[in-house]
4 protein chains.
Amino acid sequence: MAKHINASGARVISVDLPSGLFAEDNTKNIPENIIKADYTFTFQLPKLAFLFPENEPYIGEWHVLDIGLDQDYINRQDTPWHFMVQQDLKPFFKHRKKFDHKGTFGHALLIAGSFGKSGAAVLAAKAALRTGTGLLTAHIPGCNYEIQQSSVPEGMVSVDEDPSYFSAIRDISNYSAIAVGPGLGKEKQTQNALKVLIQNYSRPLIFDADALNIFAENPTWLSFLPPNCILTPHAGEMDRLAGKSSSGWERLEKARDLSFRFKCNIVLKGAHTAIITPDKQVIFNSTGNPGMATGGTGDVLTGMILGFLAQGYSPMFSAMAAVYLHGLAADLAIRRIPAESLLAGDIVNFIDKAIRKVFY
Amino acid sequence: MAKHINASGARVISVDLPSGLFAEDNTKNIPENIIKADYTFTFQLPKLAFLFPENEPYIGEWHVLDIGLDQDYINRQDTPWHFMVQQDLKPFFKHRKKFDHKGTFGHALLIAGSFGKSGAAVLAAKAALRTGTGLLTAHIPGCNYEIQQSSVPEGMVSVDEDPSYFSAIRDISNYSAIAVGPGLGKEKQTQNALKVLIQNYSRPLIFDADALNIFAENPTWLSFLPPNCILTPHAGEMDRLAGKSSSGWERLEKARDLSFRFKCNIVLKGAHTAIITPDKQVIFNSTGNPGMATGGTGDVLTGMILGFLAQGYSPMFSAMAAVYLHGLAADLAIRRIPAESLLAGDIVNFIDKAIRKVFY
Amino acid sequence: MAKHINASGARVISVDLPSGLFAEDNTKNIPENIIKADYTFTFQLPKLAFLFPENEPYIGEWHVLDIGLDQDYINRQDTPWHFMVQQDLKPFFKHRKKFDHKGTFGHALLIAGSFGKSGAAVLAAKAALRTGTGLLTAHIPGCNYEIQQSSVPEGMVSVDEDPSYFSAIRDISNYSAIAVGPGLGKEKQTQNALKVLIQNYSRPLIFDADALNIFAENPTWLSFLPPNCILTPHAGEMDRLAGKSSSGWERLEKARDLSFRFKCNIVLKGAHTAIITPDKQVIFNSTGNPGMATGGTGDVLTGMILGFLAQGYSPMFSAMAAVYLHGLAADLAIRRIPAESLLAGDIVNFIDKAIRKVFY
Amino acid sequence: MAKHINASGARVISVDLPSGLFAEDNTKNIPENIIKADYTFTFQLPKLAFLFPENEPYIGEWHVLDIGLDQDYINRQDTPWHFMVQQDLKPFFKHRKKFDHKGTFGHALLIAGSFGKSGAAVLAAKAALRTGTGLLTAHIPGCNYEIQQSSVPEGMVSVDEDPSYFSAIRDISNYSAIAVGPGLGKEKQTQNALKVLIQNYSRPLIFDADALNIFAENPTWLSFLPPNCILTPHAGEMDRLAGKSSSGWERLEKARDLSFRFKCNIVLKGAHTAIITPDKQVIFNSTGNPGMATGGTGDVLTGMILGFLAQGYSPMFSAMAAVYLHGLAADLAIRRIPAESLLAGDIVNFIDKAIRKVFY
């Protein structure tokens, strides 16, 4: 019957779920047997399947219908799937107090950028500062010294011995949080430096971009990770880390396994970014838009997570708040700037407005 | 009689066309026999002759009078002359979808800039990003490394082996579109590199500025062009490519011949920029103003065409949309900034507003 | 009884002062005997103890109740403690006159920045210019030349012989005021250069950041200071200069002693910044907010003091006006930018608005 | 009697002119015999003496009273003294036309900047572009290459053979106007290069700042100047060129002599900038404010004169329009930015608004 309806050319509206689509795993489902709806009106809560790109042809545009189920009852259900909204963040936010000083808000270290990719460090540094770290030091290769310092006067710089790539960092004891990866490249010396870093640091680290790609090429290193790290792969990086997935569902399951195995948080970036905690809980984000599909937005997110972690927030809250505000900043920006024109730097410029909207 | 009227000192108003002026080709017309109108009120449609600078003294300020001719009938006429308005673009624009990611929007390569002319690469890169390319790499000489990276943090850089000029580029297989020319200079090594580029690339390329001047000095190379390329000469560059023209009409005819011969699109820039397709169709633009007569505006246009082409739009649509939006951005800017003060960078800053106005 | 009230869990409101707390010195007080109020409503004037961080747990949020004491009588009391409000500054401000020229407003010299810390010089230079110095020269190491000149086109640069650190400055006779310290580092050659500077200059100098840390390591040098200098330590730098303090009260007393001993003004930075004059008077600031607890805000303050001193204002007025306006600029900024996102550069951008609000 | 009134402490109001003050030359006047008015209400027109700083103590704040004298009669009087208002400029401004292209608006050459003074070239270049030159090339020493190109992407750069100073320029034939001087320094090689320039160029040049100081040290070179050049000294530079003056009146007379002798236009900068033409006519400016007494505003003015001259305007109109708009831009800026905070870069940012106000 699905075939007839799908071929009819009529506008198709599904209630709760398109017939033939399962609410969670559709890996072994038969595509031709699923109704392709233009609109889906679902009961009470979005279903997990709605959040994967492979199901978009079946679900179309979806809306939630409140059918009056008891919210307390819902909240008491034991489920690994969570959908993050603004109210989930607010209680954990610490407002600044009168006698706080810059030491109160930590000192973030960002290891980023390489020859030809200095912008990653600039964008992440600005994002970390706008998110509230008290101090920020960017560890960068010498070729990017003037670029970084001209662009981010409020930040300090530690220059690598290698002129073009991250090759070593001496003293990391003064920092309250460290992120590594944006624009880093995968040179041999960078791989070594990353290995040394994870072996010599015992607190949570944030890994993004090429740091993840280096792990993908050296999968045994993941066992050296300090507990409660944050990894921020997009779909391609996730596949490199955990093997190719044929669906969003499969990718998410692999991410949960990895998260559990290495006791790390994974921020699996996409249209509905998922934050996966070491106990396999999954928190889906509700902000963001396709204008974010442009170079550098991942660097901004890494900077924002770093900004929260440096201030003493937990890795889980840091990831959640950063992901939510990052998407919200883009949502606010897109009211003025069309999706095509939105740049990563615009998102940085709207971080303050997003923080104000959520926490004030 | 024209002489008497022209010498009278009276205000002269022409209806449809000033007497003595032909609607299209006036190459062999006798200037003294043409009425010099202060205003021309023309029937139903602007005439081709209105769009050439050499006829401005005869036509003055022109307005179209709707005399009720049947629009369907007009549309069915077979003509190579078209006048582009907003409605011509809208149906072909692809709005972004939820699960689109930065890979969806391509990776543009810009080969631009040289010692003393780094701004061309900066302006074109910003324009390409604001127009929507997912990723952008600028291939530039080493002397401009810090300038480019400081100015465009969202873009990446590939550095040429030559410190001052474009001399070679190794791997071009990863890019979804390539533009070459702004601020390039005409050094020997640059000429060679351009030759190698066109011989090793099979998809449409965008050529501007010194890339065109190099073709003018090596006219046989045009036969190596991959099909459906885009060339963006202004009048002076067109004359260098196809020989000196004594009128806008003659220049347009030469451009149509070149376009047909080398199966390329030509964007002949001027007050009424003309987009000429390989089948000799001509689309005149209706946006723009004389504030754009300032250094760098051509670089911005090249970046915008590149931005569209990288996203997967056809060369023809890319050229049309970029030309229209480029002029519209300047028209929006000029409401605040007088023509004398308008800079190329202002046009970049209004690209988002132009896209919003046309496509939203 | 205090223990019972503090343990009660009730909302506690104190009148005038929480029972058990002394109005000034609580060094030898017994913490358990002091009421911990949520709110304190105090009579007529804030008490000194309110301004120290160690008393925050007892006082909570405080408000002043006007109980009608005679203001003239209050003003006649001889007290070293003053609370600065806008009206204290206005009478001493000199409005510009028609025939004033840039020479009228002095030439400021800023000695700041080092390898990896160029932003300190950029922020201080901008602040000095926005505060009104006629001319500004930044003396910086060569590594920061392009950063400084790109960021502050209105300023000039004097380049040190050392590529990375302040090591010497030749001619200082042309400057109307000098500030030294932001981002300077404590290299051997910098220490020597600072020593030479204070031995060869007879007018008031401004010392901040690493200049103070160098004094802390060379305490005998303080006796070489020209009279009426301005030192701007935060609590940590003050403790390095004068020994560790266990309370804000103790730190303030040590600062008053130092001030008196070396005939200098001390700007002791904190939530209530205190300006201490050589005659031990203390002026507490009433502007500012915890958004200022971020890297670079101290550099901005140093630049502002320099900007006033260069124009010919007294060291005391320069310090007072700069401290007040610096806090006010942040207070104005924070109406738009939440405390977490506020950067030092934002404060620079609000200096003009703060000056307008206070003096126009 | 003047002494009694001046000593009275009363508020003094003068009508037409303070008693004892001459309307023009007060060189030999006896200061004690002149009334010191707080306000002067003068008949019909400001008097020349009002425009000199030395008379400010006598005149106070002045206002013009229209007593109904015949304006035509006034206009017919033969006087070298003129007071420029907006209506004097408007008739000579050429609005842009549809088919104008960037070649129509000329190519300006700016020779400016040196090691430590790159901002002068940046500010002047931006000002020239905002004033309407079609193209701009800055000839600068190599040390400022990245600064200039990062800051002014719309401009091109020609790099001197000397890394730090102007030492030679090869081909100047392509430029429609040339300005030389801002931030140049007075090195030996710069002096030689300036000499070669004036000996090899036959059209009007613009000289500012150190170019004028070099002439002051080599006064015989003024005879090599091509006719109708523009010199833009402030009072100090004028005194170096023509000898120390003891009053504004004397300085103006010396400037008129110099102007006449070397057939050049002199822009004598001050509170009432005076444009002096080769036939000794003097045009006083009516715009501007003391916020302009800050480093770099002279560079902006030079850029603006260059911007007009490059477009084909006469030296006299270029000087008049630039001086008027420069002051007006500052007057518009100061509505938002207090005089103390106003920077040269702010004036650049208000050039467009000033042009719009005067010519649209």
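These legends describe close-up views of a predicted model. Local features require pLDDT of at least 70 and side-chain atom pairs pLDDT 80 or more, whereas totals for chains, interfaces and linings use all residues. Residues are numbered from 1 along each chain as its sequence is written, with chains lettered from A in the order in which they are written.

**View 1. The largest nonpolar core.** This core (buried Ala, Val, Leu, Ile, Met, Phe, Trp, Tyr and Cys residues joined through C-beta atoms within 7 Å) has 455 residues. A residue is buried if 20 or more other C-beta atoms, placed from the backbone, lie within 10 Å of its own. L110(A), L110(B), L110(C) and L110(D) have the most contacts inside the core.

**View 2. The contact of chain B with chain A.** Chain B gives 31 residues to this contact, and chain A gives 27 residues. On the side of chain B, the elements giving two or more residues include α4 (119-131), β6 (135-140) and α12 (344-359); helices (H or I, at least four residues) and strands (E, at least two) are DSSP runs, numbered from the N terminus.

**View 3. Helix α9 of chain C.** The 15 residues of α9(C), 248-262, reach 21 Å from first C-alpha to last, close to the 21 Å expected at 1.5 Å a residue (1.5 Å times one less than the number of residues). Its buried residues include W249(C), L252(C) and L258(C). Among the elements covering the buried residues of α9(C) are α8 (235-242) and β11 (265-268) of chain C. Just after α9(C), K263(C) adopts a positive phi of about 50°.

Terms used
A residue is buried if 20 or more other C-beta atoms lie within 10 Å of its own, exposed if 12 or fewer, and partly exposed in between; C-beta atoms are placed from the backbone. Two residues are in contact if their C-beta atoms, placed from the backbone, lie within 7 Å.
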